[in-house]
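Reader: Could you walk me through this one? I'd like to go slowly and ask as we go.

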2 protein chains.
Amino acid sequence: MVIEEVKYWHIKNHQLFWFLNQEQIRQLCILANFKKAQKGEVLEFVQPGQHYIYLLKKGNLKVVQVDEEGNELIVDIIKQGELFGELESSGGKSNTYEYAQVLTDKVVLCRFSKSDFERLLLEFPQMALSYTKLVGLRLKKIQNRYSNLFFLKAKDRLVFFLKEWAESEGEKMEKGIKLTNYLTHKDIAQIICAARQTTTQFFNEWENEGVLHYSRKEIIIKDLHRLK
Amino acid sequence: MVIEEVKYWHIKNHQLFWFLNQEQIRQLCILANFKKAQKGEVLEFVQPGQHYIYLLKKGNLKVVQVDEEGNELIVDIIKQGELFGELESSGGKSNTYEYAQVLTDKVVLCRFSKSDFERLLLEFPQMALSYTKLVGLRLKKIQNRYSNLFFLKAKDRLVFFLKEWAESEGEKMEKGIKLTNYLTHKDIAQIICAARQTTTQFFNEWENEGVLHYSRKEIIIKDLHRLK
DNA sequence: TCCGATTTGTCCGCAGGCTTACACTTTTGG
DNA sequence: CCAAAAGTGTAAGCCTGCGGACAAATCGGA
């Protein structure tokens, strides 16, 4: 069962764990610490002094940044098979605090210490290269979000976000594209950098126009092109 | 002379080129393509199909992103000794176009092909690790700018930018901190994501309060703490 | 099944800062 | 050395969308 899971994980992360053979994966698996968590649970993954890399094996979670006034911003949504932790940890200096929270019913994740991970990267340079590309990809993604925040208005940012979501997790059906929903209006607002009320408004406009249906369980995008 | 320059460059980039000996540096130097450019010159560094990594040896330049309406955003300021190119190239999909422009009187840069660079990283895993950390650092930096754009108002973003600049290139003097200026109000506006007029206004407020002096050649921050 | 908590719906005033518009100043290049 | 271009100063109007306020709906747990 554990090996089964590892196999799965291995597939999801081919770009990174490609170069390891079964034995090495098994070894990494021993290194790794497994953990389960329930919906809503908060994971404080940036303990000072303790540096871990996390791999989300099952479920989804959000990485939230809080400033001194208590304003929250969702920095990233971590999906099945994605790495997080070291990468996200904020610059250190600032007065913002960061935590992760479970969005789906349950979540399975494992972690390995930063130093173990680095040892692995040194042993398998090919893997270091893959890892670098992975980080580079995130850099591009965030850079995209950044320029969107400047170039686009709130509504267009929401459209952008929904299209991206549809692309990565959407399921095509006769009635449109179905997204299994694990986000509230508030969550989405914090992702696209808007007020919750503004987000609600846009959703309702689309609901009335009949191009989208939002519910807590799922979102149906009936017509992607009319989404604007 | 060339070796002198390489030595210098080596120092500036210790985190990356640490592990190479003189011979290897010389070799990299042969691999590399040198180029000089004048102030104002535009470098189209993202040719499709051609993947290069650039190292800025001397001077400063800005990386600009342009959207379909012609709005410009400065994605990054590249300073002496910094790498750019592959890292910055936008996600590919979008309809934004990117270019670099020389800010200082003259600029010296060299480039090596992505594949040569990757070969080097594979040969020196320690270097791959350093490079990974470098990319990670940029990720953090951009993530910081992103959350600033959400949490902070325009004026505070300008303060943040100036403080950062002062930290990286400021020169302490009796009259305050001196910054050799290579940016116009427009440039700064495009960095902090504000309108040019807004930026001008803030500078003038500070000028009147006597906490800062702006000119095209230099910026003197007389009192960092009163800058708000 | 019921109660409290969370999420969603709606309205509206207010403000930050973008736009437009133009005058003035400094730099650059022929 | 002069004209054109680039950069700076200043002001007014307008618009997006934030924030507060509350009601209604939905969920989750005891």
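Author: Let me begin with a term: a polar contact is a pair of N or O atoms within 3.5 Å, where within protein one must be able to donate a hydrogen and the other to accept it, and residues adjacent in sequence count only if both atoms are side-chain atoms. By that rule, 9 residue pairs are in polar contact across the interface of chain B and chain A, both residues being at pLDDT 80 or more. This is a predicted model, in which local features need pLDDT of at least 70 and side-chain atom pairs count only at pLDDT 80 or more, while totals for chains, interfaces and linings use all residues. Residues are numbered from 1 along each chain as its sequence is written, chains are lettered from A and ligands numbered from 1 in the order in which they are written, and side-chain values use heavy atoms, with hydrogens and water left out.

Reader: How many residues of chain B are in contact with chain A?

Author: On the chain B side 41 residues are in contact with 41 residues of chain A, contact meaning heavy atoms within 4.5 Å. The two chains bury about 4,000 Å² between them, and 69% of that is on carbon and sulfur atoms; buried area here is the accessible area (1.4 Å probe) that two parts lose on being put together, summed over both. In chain B, the residues that lose the most area to chain A are B:Leu139, B:Tyr146 and B:Phe151, together 19% of what that side buries.

Reader: And how many salt bridges are there between chain B and chain A?

Author: The count between them is 2, where a salt bridge is a side-chain nitrogen of Lys or Arg within 4 Å of a carboxyl oxygen of Asp or Glu. One pairs the side chains of B:Lys133 and A:Glu118, at 3.4 Å from N to O.

Reader: Which part of chain B gives the largest share of the side that touches chain A?

Author: That is H5(B), with 21 residues; helices (H or I, at least four residues) and strands (E, at least two) are DSSP runs, numbered from the N terminus.

Reader: What does B:Lys141 pair with?

Author: B:Lys141 forms a salt bridge with B:Asp76, with the closest N and O atoms 3.8 Å apart. B:Lys141 lies in helix H5 of chain B and B:Asp76 in strand E5 of chain B, so the pair ties together parts that are 65 residues apart in sequence.

Reader: Is B:Asp76 buried or exposed?

Author: At 10% relative accessibility, B:Asp76 counts as buried, whereas B:Lys141 is partly exposed at 39%. The cut-offs are under 20% relative accessible area for buried and over 50% for exposed, with partly exposed in between (1.4 Å probe, protein chains only). In chain A, A:Asp76, A:Arg138 and A:Lys141 are linked in a network of salt bridges.

Reader: Changing topic, which residues are closest to DNA strand C?

Author: Of the 15 residues that surround DNA strand C, the closest are A:Arg196, A:Tyr214, B:Ala154, B:Ala195 and B:Gln197, a residue being near a strand if one of its heavy atoms lies within 4 Å of it. H8(A) gives the most to that surface, with 4 residues.
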